[in-house]
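Open the model in your viewer and keep the selection panel at hand. The stops below say what to select next and what is there.

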Amino acid sequence: MDEDTQATLPGHAAAERATGERAPQRWVQGWRRIMLGAGMLVYPCLTAVAVNDNVSGAALVAGYAVVGAFCLCFVLTATAMVRGRRRQVLLLLAVMSALFLAALPFAHENAFYLATVVVSFVAVLRRRHATRVTAAATLAALLVPWAVPAWHTGPGTFQALALLFTVLTTGAFAEIATTNQALVAARAEVARLASEAERNRIARDLHDLLGHSLTAITVKSRLAQRLAAKDLDQSLAEMAAVESLSRQALADVRAAVTGYRDVTLAGELARGRELLRAAGVVADLPTSTDPVATQDGELFGWVVREGLTNVVRHARADRCTVTVTGSSVEIRDDGTGADGRTGGGGGTGEGSGTGEGSGIGKGLRGLRERVAAAGGTVEAGPLSPHGWRLLVTVPPGARHRRTPARKGTT
C-alpha cells in the first residue's frame with residue numbers, strides 16, 4: 001500500500017498500524033464515516049433523476065442499470081478502502097470511471113455527478129495527483145455539455161461547481177483524518193517515551209539505593225563476624241544495625257518505585273559517616289549543610305551517597321574527606337584502588353578497569369544525568385600520588401534556569 005493510501009484510510013487499519021493500539025473516540029470512525037459515505041450517494045440519485053428526464057423505454061432501463069451498477073461499485077470501493085485492499089480499490093475506480101462514461105448518453109451533463117464521486121476517491125487516495133485530476137474533471141464538466149449540441153444546453157456551470165467543492169470538502173476531511181491519526185501516533189510515542197524514562201529512573205534509583213544499602217550491610221556483617229569472638233555485645237549491635245539497614249533499604253526501594261522518597265544531604269552525610277566508620281575509614285565530613293541551597297540538597301545528597309558507596313567498595317582508603325559549599329560538593333579519598341588503575345582511587349570515574357558496564361560506570365552515568373538535568377558539571381579523576389576526587393558543581397545561575405523537578409525525579 002502506498003503512503004497516500006495508508007495515510008488516508010478512514011478505517012481502523014491505518015490508525016492501528018500507526019499507533020499500535022486502538023485510538024478511542026476517533027470522530028472519523030463509526031456512524032459518522034457511514035453517514036459521510038452515504039451522503040455521496042446523493043450524486044448517483046441526481047444522475048438517476050436526469051436519466052428519467054432525458055430518455056424513456058429501453059434506454060431508461062439501461063440508464064438505471066448503469067447508475068445502479070455505479071452505486072454497487074461505490075459501496076464495494078468504500079468497503080475495500082476500509083479493509084486496505086488497494087488493488088481492489090483501483091480496479092473498482094476504473095469500473096466506476098467506465099460507468100460514468102456509459103451514463104453520459106442517458107444523463108447528459110448530469111452524468112458528471114458520477115464523476116464527482118470518482119474524483120473524490122482520487123483526492124483521498126492519490127493526493128499528489130488530486131489537483132490535476134480535479135482541474136481536468138472540473139473543466140470537462142464545464143465544457144463538455146457546451147460542446148455537445150445534441151444536449152441542448154450551455155456550459156455545465158452547476159455540475160462543475162458541485163464537483164469542485166465536493167472534492168475540496170472530501171480532501172479536507174481526508175487531511176483532518178490524517179492529522180487525527182498523526183496526533184494519536186504522537187500521543188502513543190509520548191506515552192512510550194514517558195514509560196521508558198520512568199523505567200530508566202527506577203533502574204537508576206534502584207542502583208543508587210541498593211548499591212549504598214547493600215554495601216553498608218556487607219561491611220557491617222563482616223564487622224559483626226570479626227567482633228563475634230571478641231565483643232559479643234558490639235557484634236549484636238552491628239547485626240541490629242544490619243537489620244535496620246535492611247528495613248530502610250526495603251522502604252527506599254518501595255519509595256523509589258512509587259516515585260516518592262526523600263534524599264537529603266544531611267541524611268546522606270549521617271549515613272555516610274556511619275558507613276565509613278563501619279568500613280574502618282576515617283571520615284572527615286561536614287557537620288552542617290547550611291551553605292547548600294534547598295533546591296540542591298537532594299542532588300548533593302545523591303552525590304554523597306554514590307561517592308561514599310564507591311569509596312567503601314573500591315578505594316581501599318584510610319581516609320575520606322567531603323567538602324560542601326553553596327555550589328559544589330567534593331569527595332576525596334587516599335585509596336590505592338582495587339580496579340588496577342594507575343593512581344588507584346575511589347572508583348567513581350569513567351574508564352574503570354571494571355568496565356563501562358559495571359556498577360561503577362552505571363553509578364557515574366546516573367549521577368551525570370542527575371547533575372546535567374540540574375545544569376551542573378561532574379569532574380572525576382585520580383589524585384597524585386594516589387587517591388580519587390569526585391567534584392560536582394552547580395553554578396548559582398543554573399538554579400534559576402532549570403525547572404523544578406517532580407519529587408522523586410531529577
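Buried means under 20% relative accessible area, exposed over 50%, and partly exposed in between (1.4 Å probe, protein chains only). This is a predicted model, in which local features need pLDDT of at least 70 and side-chain atom pairs count only at pLDDT 80 or more, while totals for chains, interfaces and linings use all residues. Residues are numbered from 1 along each chain as its sequence is written, and side-chain values use heavy atoms, with hydrogens and water left out.

Select helix H6, residues 86–107. Helices (H or I, at least four residues) and strands (E, at least two) are DSSP runs, numbered from the N terminus. Buried residues of H6 include Val 89, Leu 93, Met 96, Phe 100 and Ala 107. Among the elements covering them are helix H4 (42–54), helix H5 (58–82) and helix H7 (112–125). His 108 follows H6 and has a positive phi, near 55°.

Stay on Met 96. Contact means heavy atoms within 4.5 Å. Beyond its neighbours within four places in sequence, Met 96 is in contact with Phe 70, Cys 73, Phe 74, Thr 77, Val 117, Val 118 and Phe 121.

Next, show the nonpolar cores (sets of buried Ala, Val, Leu, Ile, Met, Phe, Trp, Tyr and Cys residues joined through side-chain atoms within 4.5 Å). The largest has 44 residues, and Val 51, Phe 70, Met 96, Phe 100, Val 117 and Phe 121 touch the most other members. H7 gives the most to this core, eleven residues. Apart from it lies another core of 34 residues, including Leu 265, Leu 299, Ala 315 and Val 329.

Move to the sheet. Two strands pair if DSSP finds at least two bridges between them. Five strands form an open, mixed sheet in the order S1-S2-S3-S5-S4. Strands S1 (282–284) and S4 (377–382) stand at the edges with a single partner strand each, so one side of each has no neighbour in the sheet. S1 pairs with strand S2 (residues 319–324) in the parallel sense over three bridges, and Asp 284 stands opposite Thr 321 in S2. Helix H12 (residues 294–315) packs on the sheet, touching S2, strand S3 (328–333) and strand S5 (388–393).

Finally, select the cysteines. Which cysteine sulfur is closest to that of Cys 45? It is the sulfur of Cys 71, at 6.2 Å, too far for a bond. The whole structure has zero disulfides (pairs of cysteine sulfur atoms within 2.5 Å). Cys 45 is partly exposed, at 48% relative accessibility, whereas Cys 320 is buried, at 0%.

Terms used
Axes are lines fitted to C-alpha atoms, for helices over the stretch in contact, and angles run from 0 to 180 degrees between N-to-C directions. The expected span of a helix is 1.5 Å times one less than its number of residues.
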